[in-house]
Amino acid sequence: MPLTNGDWLLPLEPGQAVSVGWGSPTLPLGITWHWSATRDLLTLSRVLGGKNPVRKGQASAHFGVGRSTQEGVNQYVALENRSWHAGINQLFRWDGQALASPNDKASRTTVGVETVSIGFARAGVSAEADWIDVDTPDGLTHLQVQPWTDEEVGMMIEVGRTIVTQFPQIRPVHHHGHSDLCPTYKQDVLGFPFAKVLRGIYQDDTLPDVWTPFREVLDRQRALQTLGYDLGPSGADGDWGRHSRDALIKFHADNELPASPYWTTFTCRKVYQRLHQQ
Ligand SMILES: [Zn+2]
């Protein structure tokens, strides 16, 4: 386990963005993956860990995973306690259902893991040739995302194994990104290598990659069309318009998910399942 030290652990004291224990013995119910939007682990750790983090009283996470084994992994909050890693503008809970109560918020129900990635290309951040093309959950914005390094993925797997060893109730379907819970508010972790990470954590190479095939709107449209949804006169054209949006809402309603217009990891799983039933 590449855990470097406990120096970054937030002490439990009033005003820290961390609270004692979990609400019930059956918690936590999932892992929420994040990207740090920083270039390195040290910057992330100053923001989220130690005695006086930059975001003291506002935000935290259980772990921060660096881009290289040399950077390693820092732990900010003990797994016995909750960290305040997600909850603002949250629409969906760990199982993809609508958030029904403040007690469903991710900060109260899931373990939060930050991974060092600068995120998507934008002013001041240029994409490189190997960056990942992905569309946002609303299908309206195309992003290019910095890929995670092999060493980082290896450490993410180790961190994941540590968490699910302590909380075996967390199964592969209980992993998601911040943006899957808060699709109108967050972009992390679009493009995340879920298949590689989950296959590593659960040591099961048969886990299907339900994410990569649906990163871009044209692929989402083709999948909906194959499943019999009407995309209007222009069909699957790579442009996410009103008909695509309505088709997605109907797909969700037909498949026991909240009737929302956002393509999330929960959508990926259901679409994949339906496509492979045929
Ligand atoms: Zn996040």
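1. Buried here means under 20% relative accessible area, with exposed over 50% and partly exposed in between (1.4 Å probe, protein chains only). By that cut-off F194, A195, V197, L198, G200 and I201 are buried in helix 5. Helix 5 is thus listed as mostly covered, with 6 of its 8 residues buried. Helices (H or I, at least four residues) and strands (E, at least two) are DSSP runs, numbered from the N terminus.

2. The model is predicted: local features need pLDDT of at least 70, side-chain atom pairs count only at pLDDT 80 or more, and totals for chains, interfaces and linings use all residues. Residues are numbered from 1 along each chain as its sequence is written, and side-chain values use heavy atoms, with hydrogens and water left out.

3. The cover over the buried residues of helix 5 includes strand 3 (30–35), helix 3, strand 10 (175–177) and helix 4 (178–181); contact means heavy atoms within 4.5 Å. Just after helix 5, Q203 has a positive phi of about 45 degrees.

4. Helix 3 (residues 150–166) packs on helix 5 (residues 194–201) at an angle of about 45 degrees, the axes being 8 Å apart. That makes helix 3 oblique to helix 5 (under 35 degrees counts as roughly parallel, over 145 as roughly antiparallel, 65 to 115 as roughly perpendicular, the rest as oblique). Axes are lines fitted to C-alpha atoms, for helices over the stretch in contact, and angles run from 0 to 180 degrees between N-to-C directions.

5. On the helix 3 side, the contact is made by D150, V153, M156, I157, G160, R161 and V164, and on the helix 5 side by K196, V197, G200 and I201. These residues divide into 6 nonpolar, 2 polar and 3 charged (Ala, Val, Leu, Ile, Met, Phe, Trp, Tyr, Cys and Pro count as nonpolar, Asp, Glu, Lys and Arg as charged, and the others, Gly among them, as polar).

6. In helix 6 (residues 217–226), the buried residues are V217, R220, Q221, A223 and L224. They cover an arc of only 160 degrees around the axis, which puts them on the same side of helix 6; the arc is that of the directions from the helix axis to the C-beta atoms. Strand 8 (132–135), helix 7 (242–254) and helix 8 (265–275) are among the elements covering them. G228 follows helix 6 and has a positive phi, near 95 degrees.

7. The axes of helix 7 and helix 8 come within 11 Å and cross at roughly 80 degrees. The two helices are therefore roughly perpendicular to each other. L248, F251 and H252 of helix 7 meet T267, K270, V271 and R274 of helix 8, a set of 3 nonpolar, 2 polar and 2 charged residues.
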